[in-house]
Amino acid sequence: MRPPQNLHYHLSILLFISSLLFLLPNPLSSQNIEFKVGLIFDKSSPVGQIANTTIPLALDDFYRANPDYSTRISLIVRDSPSADIVASASTALELITQEKVQAILGPGTSAESTFVADIGTRAKVPIVSFSSTSTSVSHARSRFFIRAALNDSVQVGAIAALVKSFGWRRVVPIYEDNDYGSSVIPYLVDALDGVDTEIPYRCPISTSANDDQISAALTRLQTKQTRVFLVHMRVPLAVRMFTMANELGMMSDEYVWILSDGLTTLLSWLEAEMAPESMDGVLGVSTFFPIKDPPLHNFRKRWIPQFLKYHPQSDPTMTHELSNYAIWAYNAVWAIAMAAEQVQPINPSYVNFTSSKVGLSNMGVSSIGEKLLQAILNIQFQGLGGWFKFVDGELESSEFRIVNVISGRARDIGFYTSKYGLSRKRNPNNNSNSSTSQGSLRPVIWPNESTTQPKGFVTPTVGKKLRIAVPGPVNQSFRSFLDVQKDPVTNQISATGFVIEMFEAAVDKLPYALPFEYVQALNVHYNDLVEMVGNGTYDGAVADVTITARRSIDADFTLPYMASGLSMVVPVKNERTKNAWVFLRPLKYDLWLVSLAFFIFSGAVVWVLEHRINDEFRGPPSNQFGTVFYFIFSTLVFSHRERLVSNLSRFFIIVWLFVVLILQSSYTASLTSMLTVQRMNPTYSDIYELQKSGKNVGYLKDSFVKGFLSSMNFEESRLVPFKSPEAYQEALSNNSIAAIVDEIPYLQIFLKLYCNNYTMVGQTNKTGGFGFVFPKGSSLVSDLSRAILNITEGDESTEIYQKWFGDPSSCQAQDNSLSSSNSLDFISFWGLFLITGSTSIICCILHFVLFINQNKKSLKEIASGHSFRWKFRSMAKLHDQKDLSSHTFRKQQTNFNSPYNNPSGSSVSVSNRIFCEGSPQIGPPNQEIVETEVYIDNSTTETPNRAENDVEANNGG
């Protein structure tokens, strides 16, 4: 029994020892390598409070997920006020020299990071920042600085797309006057410039500004015209600024407020510090994270109580939304922890460190700094909210969401990516193009719960007005174009006319207010006026200035608001036709020739179809030619009397008579017009004829037309300048000049007054049209050009034109009476000839098919011959013979066998009309027979029996 007792005793000892081992610390845990990481933040700032809550949670989650890791991060926390840059640098130096940290998380602001990054680069200690978003500090400038947050410059694409989608053309940035606020402005300018939007002025506000200074800055903005503001600053200054904006009434429905990423992600902090719903209607741009995904959702549920535990005095409103800074801080901790495990330093130390003094010159260099830096830069993992990866020391760019603040909460109205642009939903179809249209977003609720989109501008109460030059004085006849008057009492300039109304209509369509005033430019040549705009004498010119290459050197022109071109006006003369050969003019020579050819061709077709079966188309050649020509040309007056016996020829003649009817009617109508209608012909048909005439030519004084005529080799002595349409008419009526060469709009005014005696002729030489003039590089050129297109594409430009010039068709009667070629040509009738030609060919084909079918035996004998000439002649002779099988000749055979046949027994061919028309009966043999045509064969001595043999021979082939 003793052995069992010993066994029981030993088992008890083993269980006791196992229990002790379980209660003692894990021997592996005592071997974990401590990896010191410094943490610098301002505990009183929003980012500091977020980091204070997030980083411990991140460490717990990481080592719970990776319990077998041999390294353990030891956080050494230092509180450093964000406003004290020197204190932050001193804290970083102390962490490196005294605590021997291998990496530093923080600091909280970009200004602090600039100095701390320089210290870290010298000591080769990686500085990983999850809150420094300014472009003033970067990995490219400080090699050991790594940004675990998005760069501020990444968001400007989303901001520009948002601005363009609503059509705003001017945006004013209100930003914190330091590196954080100002560093993004150059990127913003470039992005807005890419969507044709400008920044007319800026509003920097110092962090140390008091309420009066903030109020003064906002009041200055109220006096300007732009009402679209982009706010880029930290929460404390933003709270004060928006509070003052509410007091000044700048949160009304005529204002547009856009928050940058840094403020949108801390929107709940803004709402906690301000009056309820005081920011409703504001738009914002923020980095997108799938907050509803399980990992983020679960983390947020744990983060909220942890935050309220660490900061019990904080407003619970601050926890309404999980800030992007919390996600970035969480992922930054995981990245450092992973890199620390890869490096695994056993005895981390600093090289060249002198403990006797603490300073930049003797703080030493981390022995694992380079290795740790590369490890962090190469880290990639599925982090909280998405894939985590560094690109050139910067966090890889992400998707943005566009929000609209409603009742203190951010409501998503769209999303933005650089690939797809704006869209209502995430991940649009791959085939969809980048969009910047307002339809790509959900409806927006603007300030004061308005659903009407703000214009983005108002007319400014103060500020400089553009000085727009208007030339004068203007001739009375051209005041429908432009008229400018000066009030002798007030000296105020007033301008009217088509040009002025087009300019003001274009200004009304601008997406911003354009304050301007008219300034009269007296007796100025248009070339000089353009130069004065170019050199800054005037801010622009509104006139009927033609766009030319020479003028475009000095200034820029908008797109033409009125098309133009050069033409000429000449007197007209009545030339009613009094020509003996006028009857030939209704048809052009080509139609005459084609008609004649078809008459001959049609006669030949009728002869081919009728010759073998109709005696009227037989006989001597001269008789056959006469019959054919008489028959076919008599169809012109429908007087043909020859009887047609072939159905093919009858069908063809029906088609041919239709063609003749159309030709005859058209000829008659054209000839009647030539003989009866008044003919108003221009004295010159084109400018080349005018140039050869040697006569004087008129043009508008001070116009570029003189240079054009000189280039056309007109002698200067022949060029006569005039100032008005009345002067044009007087010179033309007394033959001082032979024509006027001018721009079409001016010639139209002249013709409206004197359209009965003059007409516009010749080829139009195009010009650039009339445009508004502005200095080189002016943004107004593109904006007004776009507005002009909107006007000219609709009915508005037509309405303005008719208001000042009347109906452009009011002088059409004279134009309709001008001489033009009324002669008819072949092109107008080729369809008719195609029909009759096709009909004739078809009839001939059918005729020859029947002929071949009836004479197969004879044609075979002919085909056996040797000579082609003999074959052709034989076939011609065969076709020339009568077709005695035709019903026509069978009827004649019956007549030959009657008792009234020719008693002489000679072979006689008698036409179908043998007896007198209207004869009541056939008379006796001795009665005289009336014949229309009698043909006696040469073989008159042949007996009837011989004739019958010949017939049989012919029938037999």
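Before anything else, a note on terms: helices (H or I, at least four residues) and strands (E, at least two) are DSSP runs, numbered from the N terminus. With that settled, I started with Pro107, which I found in the loop between β3 (103–105) and α4 (110–123).

**Ground rules**

I am working from a predicted model, where local features need pLDDT of at least 70, side-chain atom pairs count only at pLDDT 80 or more, and totals for chains, interfaces and linings use all residues. Residues are numbered from 1 along each chain as its sequence is written, and side-chain values use heavy atoms, with hydrogens and water left out.

**Overall look**

I noted 31 helices and 33 strands in the protein. Of its 957 residues, 48% count as buried; buried means under 20% relative accessible area, exposed over 50%, and partly exposed in between (1.4 Å probe, protein chains only). I also looked up contacts, meaning heavy atoms within 4.5 Å. Among the contacts with a separation of 6 or more, 73% come from residues 24 or more positions apart.

**Another cis bond**

I came across a cis peptide bond between Gly472 and Pro473 as well, with omega about -10°. Pro473 sits in the loop between β19 (466–472) and β20 (483–486).

**Positive phi**

Lys100 is not a glycine, yet I read a positive phi of about 55° for it. Its place is in the loop between α3 and β3, and Lys100 is partly exposed, at a relative accessible area of 30%.

Asp702 is not a glycine either, and has a positive phi of about 65°. I located Asp702 in the loop between β27 (697–700) and α21 (705–711). With 46% relative accessibility, Asp702 counts as partly exposed.

I checked helix α2 (residues 46–65) for length: its 20 residues should span 28 Å at 1.5 Å a residue, and the end C-alpha atoms are 28 Å apart, which agrees. The expected span here is 1.5 Å times one less than the number of residues. α2 is mostly covered, with 15 of its 20 residues buried.

Helix α9 (residues 235–247) has 13 residues and reaches 18 Å from first C-alpha to last, close to the 18 Å expected at 1.5 Å a residue. I listed the buried residues of α9 as Val235, Leu237, Ala238, Val239, Met241, Phe242, Met244 and Ala245. Just after α9, Gly249 takes a positive phi of about 75°.

**Helix pairs**

Two packed helices are described by the angle between their axes and the distance between the axes. Axes are lines fitted to C-alpha atoms, for helices over the stretch in contact, and angles run from 0 to 180 degrees between N-to-C directions.

I took α13 (residues 324–343) and α14 (residues 369–377) and found that their axes come within 9 Å and cross at roughly 130°. That makes α13 oblique to α14; angles under 35 degrees count as roughly parallel, over 145 as roughly antiparallel, 65 to 115 as roughly perpendicular and the rest as oblique. On the α13 side I wrote down Ile336, Ala339, Ala340, Gln342 and Val343, which meet Lys371, Leu372, Ala375 and Ile376 in α14. The residues of this contact divide into seven nonpolar, one polar and one charged; Ala, Val, Leu, Ile, Met, Phe, Trp, Tyr, Cys and Pro count as nonpolar, Asp, Glu, Lys and Arg as charged, and the others, Gly among them, as polar.

Next I looked at α28 (residues 856–863) and α29 (residues 868–880), which pack at an angle of about 160° with their axes 9 Å apart. α28 and α29 are therefore roughly antiparallel to each other. Ser858, Leu859, Ile862 and Ala863 of α28 make the contact with Trp870, Lys871, Ser874, Met875 and Leu878 of α29. By class I have six nonpolar, two polar and one charged residues in it.

I found Ile96 in helix α3 (residues 85–97), where Ile96 counts as buried at 0% relative accessibility. Ile96 and Met363 are 267 residues apart in sequence and 7.3 Å apart in space, C-alpha to C-alpha.

Val582 lies in the loop between β25 (565–574) and α17 (589–610), and is buried at a relative accessible area of 9%. From Val582 to Leu675 I noted 93 residues in sequence and 8.4 Å in space, C-alpha to C-alpha.
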